[in-house]
Amino acid sequence: MKQTDPETHKESLYLEVCDANGAVSLPLHSSIVLFLLSYTECSSFHVCLVTDQADVLPSLSALVPAGLSVSVLRRDELPGMVKMCRLPAALESDVCFCRAGLAVVLRHIIQSACQLMPGRRDVASLLGFKNTCLKACAEVSQWTRLCELEIPSAVEKHLQNPEDETYRLPPAVINLEKRLGEPVKVHNDDKIRRQKLQQQKKSDSQLKDAKNEPHPNVELSAALARLSADALCPPSSRECSDIRKVKSTDLPELEHVFAEGLYFTLTDVVLLPCIHQYLVSLRTHSPSTLSHLPLLLRWYQRTQELSGVLRAAKDCGMALLNLSTTNLCTSQRDAPPQASEDPKPKQEPFIGGPRPTLTKLQESGIDAVYSPHPCPSRTVDWESLPAAVNPSEGKMSDSRALRKQQQLDNLLAMVLNQAQPGHTVVDFCSGGGHVGIVLAYMLPKCQVILVENKEESLVRAKERSAQLRLSNIGFIQTNLDYFTGNFNIGVALHACGVATDMVLDRCLQARAGFVISPCCYGFIQNTLKFNFPKSARFAETLSYKEHMILCRFADQTAVSLPPERRSIGKRCMGLVDLDRSWAAEAHGYSVRVMTMIPEGCSPKNNMLVGEPTG
């Protein structure tokens, strides 16, 4: 591997390099990205290794595939959009569209490889059923959180302290072992399960002839056929009549071949570099621990049956181990620790209405309080603006477009009151850019950044901004946890559930003002980052379950509901946001809870408007 000048037409891919006591190495997320680049043989990226150490390439030459275009970059030389994100990150050549975070970047690499090589069936299949593999962000998907965050983090902690028993068999690895033992559910699996039943009966009848031979594995055959780039669909064959008559509930369950079930996907690509380094360490420091992970070892061996995996591993300096699972079965007296339960409490069914909770709060002197709207008559002259600024460009009905304009009027009035020339304004959960685009148009001396985890939405927003020739707008596709930049004002229109709290948290960390319209209160629940109630006074008064009752009934504000029920819903909505506002005030903010005008512009018409006081 040698350092090359970046090709101007290539997209830049920024990977972190670790520096510990003068020695350089690659963190796991960088190793995973390089492994995928080799597996897909994707050549559309220029790789920038980010480090403040000089001349690191010789030390990393065995870990970086030889065919890549590579250069080294200091952290202070990173483009502005990339500086706002945790690595890895990919930046398009026009430097206004950035993708950040492990899963987002990996999915983008696969999509780019498929565009270059549309015939690569093995690459396209990495995105899984309906192209959804690791698409859901870690904030809402336990599986994405396990693979993208918890496994790499647990392995890195173990590698830093391999002798420490605390990190030897971490809960994340135990949970993965447990997942590999669960029955597999795949789309249209009935046919494969009948084939498995037929194979089992055939094997039983020929047992004496196949006594010392492993039974053919229907799951593995299906998995390998899926990966073959030039495989033809096998001719359809009907099962025996007695097999066809078996009820679906009586068919044998399918076993895991790879991490998500039968097929090799992006999840396996993420896990392999992590588990490989973990197993190498265990074999050196604690070989007996391997006996607790028979399913993980079987998965690890199965991945080595794929030629693409062997090639990519060699390119990235991974000497895959040949670990036999036959002598590592766990006995009952030496059973592995139980997998940890998800830290989020399970929501119990709600019984009864909100009145006891409302009464309890009222007796403690707590009730919803709304500040008056400071700009009751302020509206945007939408007819005078270019068509690409108008939300009606989003192909919505006239009545919905009017309501969207009214919602934007409210947020714009609040942002314009806070914004000053040179400010950076971030539109969180931006969707197609209804808020961010009009802000960029009306605040030409401010920089506006749209942050959204759905690529399709950001692509639409970028197309609209191109029509307007906006030069003060940027786009970041990432989950909220990967956005770490500084800014002056954070905006979010209808951020669902705890997304509102994540946006609020980012604003507090940046000491930025905020204008947030919450939504989907019923999705609020305790997470790894937040516990509810959030404010000290609410927590002293209500239990978690009582607060969840408020959240549930805060969603009952639809215009189709009876007026009295809507009134209770509005009151619950105000109390949930009052709790949020008090929590922000404890961090040195002045916060107002307001109602959009007109109230009918949205059933979720609350706004949280805050500014730091210090």
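**Close-up 1. Helix α4, residues 102-116.** Helix α4 (residues 102-116) spans 21 Å from its first C-alpha to its last over 15 residues, close to the 21 Å expected at 1.5 Å a residue. The expected span is 1.5 Å times one less than the number of residues. Helices here are DSSP runs of H or I with at least four residues, strands are E runs of at least two, and both are numbered from the N terminus. The model is predicted: local features need pLDDT of at least 70, side-chain atom pairs count only at pLDDT 80 or more, and totals for chains, interfaces and linings use all residues. Residues are numbered from 1 along each chain as its sequence is written, and side-chain values use heavy atoms, with hydrogens and water left out.

**Close-up 2. Burial along α4.** Of the 15 residues in α4, 11 are buried (under 20% relative accessible area, 1.4 Å probe, protein chains only). Among them are L102, V105, H108 and I109. R107 and S112 are buried too.

**Close-up 3. Helices α11 and α12.** Helix α11 (residues 266-285) packs on helix α12 (residues 294-303) at about 115°, with axes 11 Å apart. Axes are lines fitted to C-alpha atoms over the stretch in contact, and angles run from 0 to 180 degrees between N-to-C directions. α11 and α12 are therefore roughly perpendicular (65 to 115 degrees).

**Close-up 4. The α11 and α12 contact.** D268, L271, L272, I275, H276 and L279 of α11 meet L296, L297, W299, Y300 and T303 of α12. Contact means heavy atoms within 4.5 Å.

Note on methods
Angles under 35 degrees count as roughly parallel, over 145 as roughly antiparallel, 65 to 115 as roughly perpendicular and the rest as oblique. Buried means under 20% relative accessible area, exposed over 50%, partly exposed in between (1.4 Å probe, protein chains only).
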